[in-house]
Amino acid sequence: MKKSKRMILLSSLAAMVLFLSACGTSEVSVNSTGIWDRYIVYYFAKAIEFLSFGNTGIGIIIFTLIIRLLLFPLMSMQMKSMQKVQELQPQLKALQEKYASKDIETQNKLREETSRLYSENGANPYLGCLPLVIQLPILTALWQALSRVPALQQGEFLWLHLGQKDPYYILPILAAVFTFGSMYLSSMSQVQSNPSMKIMTYFMPLMILGMGVNLASGVALYWAVSNAFQVVQTLLINNPFKIKKEREEKIRAERARKRALQKAMKKKLKK
């Protein structure tokens, strides 16, 4: 049930991006009306222009990095919370086995115990989707700015016409690769194998690739830079190599403690 809910949520979010992006087609300027066009899309475009220093692509890159830095505290909180959720998987599995019955009373008890376990350990499983939800309006506004603000439509960067598709699909591929990299690194730190996480590790990059080849290359540039930042951020905040090493050290320490205890018990029995 949880897997299907996550898939439905992500599919719904992707559909919402497509819907919102198709809502407006007219030119956006200082004379535009409506909160979305006048105060979000227009000012996104002005921010990118201000940061461009003569090159719109540079403006998008700097804009992306600023957005990611602003989201850094939230992402840090999300990663730490999700790591706690992963560490709790053995206890969650034990609760599911204890309350395996499907009657309403037992399932309510399971939800109560699960909620208490999360609360006591400062974990929130719902934080995982929050950064994605927050980034969707940003992505949509960027898409609209590139397709509806003349100054950005004419922007160029390297081989790209930023208001048009990447003719060589390089940026969509990079965006998909970095998406896969960040999700794969996150999955490496899991205590137990999570089938839904495995599905998302491959589903999300494919979704990014599929959308990226059909969008303005400026959006693909945002995705590539943003997801590259995500890879670096994961290695800094939630480094799976460090986590696995610490976990193995704890296991070795626990085994050494048990061996020492067994030796002590044997000596005591001999006496």
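Figure 1. Residues 24 or more positions apart account for 76% of the contacts in the protein with a separation of 6 or more. The model is predicted. The protein has 271 residues, and buried residues make up 42% of them. Its secondary structure comprises 11 helices and two strands. Read from the N terminus, the elements run α-α-α-α-α-α-α-β-β-α-α-α-α.

**Figure 2. Helix α2 packs on helix α3.** Two packed helices are described by the angle between their axes and the distance between the axes. Here, α2 covers residues 35–52 and α3 covers residues 56–87. They pack at an angle of about 110 degrees, and their axes are 7 Å apart. Angles of 65 to 115 degrees count as roughly perpendicular, so α2 is roughly perpendicular to α3. The crossing of α2 past α3 is right-handed.

**Figure 3. Residues at the contact of α2 with α3.** On the α2 side, the contact involves Phe-44, Ala-47, Ile-48, Leu-51 and Ser-52. On the α3 side, these meet Thr-56, Ile-58, Gly-59, Ile-60, Ile-62, Phe-63 and Ile-66. Nine of the contact residues are nonpolar and three are polar. None is charged.

**Figure 4. Tyr-39, Tyr-42 and Tyr-43 form one aromatic cluster.** The structure holds four aromatic pairs. In one of them, the rings of Tyr-39 and Tyr-43 have their centres 6.4 Å apart. Their planes lie at 25 degrees, so this pair is stacked. Tyr-39 and Tyr-43 are four residues apart in helix α2, so about one helical turn separates them. Tyr-39 is exposed, because its relative accessible area is 52% and the cut-off for exposed is over 50%. Tyr-43 is partly exposed, at 40% relative accessibility. Tyr-43 also pairs with Tyr-42, and here the ring centres are 5.3 Å apart. The planes of Tyr-42 and Tyr-43 are at 70 degrees, so that pair is edge-to-face. Tyr-42 has 13% relative accessibility and therefore counts as buried.

**Figure 5. Phe-53 has a positive phi in the loop between α2 and α3.** Most residues other than glycine have a negative phi. At Phe-53, phi is near 55 degrees, a positive value in a residue other than glycine. The residue is found in the loop between α2 and α3. Its relative accessibility is 68%, so Phe-53 counts as exposed.

**Figure 6. Tyr-169 has a positive phi in the loop between β2 and α8.** Strand β2 spans 160–161 and helix α8 spans 170–188. Tyr-169 sits in the loop that joins these two elements. Its phi is near 60 degrees, again a positive value in a residue other than glycine. With a relative accessible area of 43%, Tyr-169 is partly exposed.

Note on methods:
Residues numbered from 1 in each chain as written. Predicted model: local features only at pLDDT ≥ 70, side-chain atom pairs only at ≥ 80, totals over all residues. Heavy atoms only, no water. Axes fitted to C-alpha atoms, helices over the stretch in contact; angles between N-to-C directions. Parallel < 35°, antiparallel > 145°, perpendicular 65-115°, else oblique. Left-handed = near helix turned anticlockwise from the far one by under 90°. Contact = heavy atoms within 4.5 Å. Nonpolar A, V, L, I, M, F, W, Y, C, P; charged D, E, K, R; others polar. Phe/Tyr/Trp six-rings, centres within 6.5 Å; stacked < 30°, edge-to-face > 60°. Buried < 20%, exposed > 50% of the residue type's maximum accessible area, 1.4 Å probe, protein only.
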